[in-house]
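Reader: I would like to learn how to read this model. Please take the features one at a time.

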Amino acid sequence: MEFVLSQLAGFGGAFAALVVDPLTYVYLVTSVFLGITFGALPGLTATLAVTILTGFFGNKIPLDYSLIALLGAYVGAIYGGSYPSILLNIPGTAASAATAMDGHPLAKAGRGGEALGLTTTASFIGTLIGTFALLVFVWALLLVSKNIASPEKALLALFGILLSGTLMSEDLVIKGWIAGLIGLAMAMVGMDPLLSEPRYTFGWSYMMSGFQVVPVLMGAFAVPQIIEGLRHADVGKLVQFRDRIVPNLATVRRYLPTITRSGVIGTGVGALPGVGEDVAGWVSYGVGKTVSKDGKNFGKGSVEGLLSAETANNACIGGALIPLLVLGIPGSPPAAALMGAFKINNVIPGPTIDPAIILRVVAILVLASFTMFLMGLFTARVFIRILRIPQTVFLPVVMVLTTIGSFSVGGGINDLYLMLGVGFVAYFMNMLAFPIAPLVIGVILGGLFDETFRRSLFLSDGDLSVFVSRPGAAILLALNVALILSQIPFVQRAFGRLKRRTA
Amino acid sequence: MKKMFGTLAGAALLAAVGTSPAAAQDYPYRDITTAVVWGAGGGTDTINRMIMAEMEKHLPVSINVINQTGGVAGSNGMVYVMNQPDDGYTLVGLSESNVTAAVQGGWDKKFDYWYPFIVGGSPDLISVPANSPYSTLAELVEAAKAAPGSIPAAASGAGSIHHLNLLAIEKGAGVTFKFVPYKGSAPGQEAAIAGEVALVVTSLAEQAPLIAGGELKPLAMLTPETAEIAGMTVPSAFDLYDGLDAYLPLKQAIGFAVHNSASDDVKATLTEAFNAAMAGEAVAEWAAANNYDIGGQSGPEAQALFETLEANFAYTLQDLGVATVDPASLGIEKP
């Protein structure tokens, strides 16, 4: 308890420092506005918002302020996705796909304003739940993480890549794994971290420093979306609504258990490496449908369904930052972009991260969620107007921003070729229903896996038993094996038979 | 139109009158840019931002600090500044680690391409995790003698200043550790705390917060002087092993440089501002607070220092088999 109190005191200090700095509001209001806009425009995602801002602000302004911009955009974009979900039945981001299930029927029934008011409140509460979890759990985890050495790090990185591949695949899980392995292979390019030997550089000095994270992020997330958006440039039919956008406090109070449950689920899903807001929304929606008395009405305009999805995707933000800050393993694709921002500022997230940064992140998240809440209530109509802008206008603008962002981080023309190359590959992978997030997670975690895996073997003189002799490593190895086995049809059938027999 | 032409002509005349008596003394008349070859927030970046702010006070212009990172051992930034005119308006912020850029194939110049100014560096020391069974360097060396090549030691990447320091103490004390490379000082120190390695060699500035926090136990300084930190006196390894002065100290040298081909006036103006800044209170306070030793060498003296470092690094890298270019082909003499 004392521990929690001291955390709250530290948070209070960071929060006060943030509140009295006038520059905070400039960055915060701009970035939350930008975030909501990105979220609201179908085809532009939270990941893209954070990625583009990383390119722009990453190493141009002090990390303290770039964090405000990035986190503000992150919170705003996850929330902003709910507008088109409700009004157009097109999810603004994948994170709000579950929101559309009940949000759109509500809007069609003339309750659009109420639905928007509820999602605003739910997103606000969700963000706060996730943030609170971040504040408390990050410290608990930091204590443990000091004992995490190379074997555990290697297995965790592998788990992150595999899990992201498993959960992000649309059809076959193996496709997600393949994407993850492609990312892993890309991470091998450059100077070998242990022996300082160049690998796969083909004598080209640009390749010596490996694939830069920001151009890869831009290529993987932005380029395919822009191509796809330009190919199908159609705007859905906007549902008009007459009622006012106000948070229905009575409804919020009635559904508080649902909101709390969804917040916890969202945070938990977020904390899983490489699994993002979209999964959080769906999982929470699914759980809600199963446990709620109102379950049969889910999908027909249930307020509870709407709250389940929308609370969870925002709670996911705080959760996703936990493994990022403690272990240097991003919990979601936007967190992966955030990690890029940390890296280009020479801040290495992990056990020795400056605790002040964590407190600042928490303070920023709280302030960002307030900003989002106020903007959502008072300026929602402005954002709804944005939905009328044709994609043919804003997508080229986004392409320009993406290019400038990629270029400005490293300042080399080669980064642009890399971005385009990755972009086209990612586009065709999308067409073949290969998920792209595991590839990016692979690029980001691949370096960590390669380095720590080989260092483990180096330290043990090639003895593979280091991965089982340490208790932490043994548990992680078991998790990895279980994850792979659970996807093999033969094992799945065997488990099915076993279950039937015991039942 | 006519009036504008008149104004322009007048301005030109004024400028000509203003500059003609002693054109050379007019450096600097516009802002100077310093391109730091390492990332923002790192040691070299911090030092450059600090010293440039101090030098500004003694110059009539501002100095902008930017970062040009990437390449091999900071070669991107050095190539960038090399391609700028040698008029003293573009400086390069660098450190001792850049001397390996040439032998690693990052660029094709010897380090005397630069006219360097050394602000300082932090001395290296050897530390062990807080719960380590060794509490003196002698105990550690004894254990290493009993089991040669099996005690894991972290010291940044192969060929870094910390690695060279580790090699030096191995030679001086007649032992071998199992060198485990890490991507930088921070991950190496993290590994020591996690108990993955038994000892770590990095700089005092980098270890200070961890020593103060009780995570690391300092054993010995790799300099002739002792050091005071967190209420402890860290003994010098030199007092334990006589032969050490043959290999040590190998110290960080962080600072900035201008093209060696720059005019003497440029060099003189910069040296004057540099000396004035280094003599100031602010630099001394900053160095004390961050556990840095003040250097203050410039010009030929600094060049000689870098030449020693360059030779040391280059041939060590060649011995390790990681140099892609033969140092002799660059005209670097064997130390």
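Reader: How many residues of chain B are in contact with chain A?

Author: Note that this is a predicted model. The size of an interface is often given as the accessible area lost when the parts come together. Here we count contacts instead. On chain B, 25 residues are in contact with 25 residues of chain A.

Reader: Which helix gives the most to the side of chain B that touches chain A?

Author: Helix α6 of chain B, residues 185–193, gives the most, with five residues. By class, that side of chain B has eleven nonpolar, eleven polar and three charged residues.

Reader: Now the domains. What does the domain assignment of chain B give?

Author: Domain 1 of chain B takes in 25–122 + 252–330, and domain 2 covers 124–246. Their C-alpha centres lie 27 Å apart. The contact between these two domains takes 15 residues from domain 1 and ten residues from domain 2.

Reader: Where does the largest share of the domain 1 side come from?

Author: From helix α10 of chain B, residues 299–320, which supplies five residues of the side that touches domain 2. By class, this side of domain 1 of chain B has five nonpolar, nine polar and one charged residues.

Reader: Let us turn to strands. Is strand β9 of chain B mostly covered or uncovered?

Author: Mostly covered. Strand β9 of chain B spans residues 216–221, and five of its six residues are buried. Look next at its pairing. Strand β5 of chain B, residues 124–129, runs antiparallel to β9(B), and five bridges join them. One such pair to find: I126(B) has A220(B) in β9(B) as its bridge partner.

Reader: Which residues of α18(A) are buried?

Author: Start with the general idea. An α-helix has 3.6 residues a turn, so residues three or four places apart point the same way. In α18(A), the buried residues are D415(A), L418(A), M419(A), V422(A), G423(A), A426(A) and Y427(A). Seen down the axis of α18(A), they fall within an arc of 165 degrees, so they line one face of the helix.

Reader: What exposed residues does the face of α18(A) turned away from its buried side carry?

Author: That face of α18(A) carries I413(A), F428(A) and M431(A).

Reader: What follows α18(A)?

Author: Check the backbone there. A433(A) follows α18(A), and its phi is positive, near 65 degrees.

Notes
Residues numbered from 1 in each chain as written. Chains lettered and ligands numbered in written order. Predicted model: local features only at pLDDT ≥ 70, side-chain atom pairs only at ≥ 80, totals over all residues. Domains from an automatic or database assignment. Contact = placed C-beta atoms within 7 Å. Helix = DSSP H or I, 4+ residues; strand = E, 2+ residues; numbered from the N terminus. Nonpolar A, V, L, I, M, F, W, Y, C, P; charged D, E, K, R; others polar. Buried ≥ 20, exposed ≤ 12 C-beta atoms within 10 Å, placed from the backbone. Pairing = 2+ DSSP bridges. Arc of directions from axis to C-beta.
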